[in-house]
Amino acid sequence: MRGGTVQINWHDTKPVLTLDFHPPSGILATGGADFDIKLWLVTSGEVQKKTPTASYQNSLAYHGSAVNALRFSPSGKHVPPLP
């Protein structure tokens, strides 16, 4: 497998504070100081012998403050809210 650096520069020039990758789907979630969570589709480029790419998919916006932590559920199911 050939490796490469994927540049993500789309949090309004604010820092990326957290990220998590979900290998089965190829989704990378990034959270930053711009109060948004951005979802990216990462392709390995293995088939065409190219470097990996990340393409923007969607945002989860309007958080009240910077997003400091985010994680995918290991089981793939949602985590129920606390009582």
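Four strands form an open sheet in the order β1-β2-β3-β4, and the pairing is antiparallel. Which strands stand at the edges? They are β1, residues 16–22, and β4; each has a single partner strand, so one side of each is left without a neighbour in the sheet. Direction ignored, neighbouring strands are turned by 25° against each other on average. Please keep in mind that this is a predicted model.

Now to one pair of strands, β3 and β4. How many bridges join β3 to β4? There are seven, and the two strands run antiparallel. As an example of who faces whom, I37 stands opposite L60 in β4.

Next, the aromatic rings. A pair of aromatic rings is described by two things, the distance of the centres and the angle of the planes. In this model the count comes to one aromatic pair. The partners are W40 and Y56, with ring centres 5.7 Å apart. Why is the pair edge-to-face? Planes over 60 degrees apart count as edge-to-face, and the planes of W40 and Y56 are at 75°, so the pair falls under that label.

Where do the two residues sit in the chain? W40 belongs to strand β3, residues 37–43, and Y56 to strand β4, residues 53–60. They are 16 residues apart, and the pair links distant parts of the chain.

W40 has 6% relative accessibility, so W40 counts as buried. Y56 has a relative accessible area of 33%, so Y56 is partly exposed.

Last topic: backbone angles. Most residues other than glycine have a negative phi. F35 has a positive phi, near 70°, and F35 is not a glycine. Where is F35 placed? F35 lies in the loop between β2, residues 27–32, and β3. With a relative accessible area of 36%, F35 is partly exposed.

Y62 also has a positive phi, of about 70°, without being a glycine. This residue is in the segment after β4. Is Y62 buried or exposed? Exposed means over 50%, and Y62 is at 81% relative accessibility, so Y62 counts as exposed.

To recap: the sheet is open and has four strands, the aromatic pair of W40 and Y56 is edge-to-face, and positive phi values occur at F35 and at Y62. That is the end of my part.

Technical notes. Residues are numbered from 1 along each chain as its sequence is written. This is a predicted model: local features need pLDDT of at least 70, side-chain atom pairs count only at pLDDT 80 or more; totals for chains, interfaces and linings use all residues. Side-chain values use heavy atoms; hydrogens and water are left out. Rings of Phe, Tyr and Trp (its six-membered ring) pair if their centres lie within 6.5 Å; planes under 30 degrees apart count as stacked, over 60 as edge-to-face and the rest as tilted. Buried means under 20% relative accessible area, exposed over 50%, partly exposed in between (1.4 Å probe, protein chains only). Two strands pair if DSSP finds at least two bridges between them. Axes are lines fitted to C-alpha atoms, for helices over the stretch in contact, and angles run from 0 to 180 degrees between N-to-C directions.
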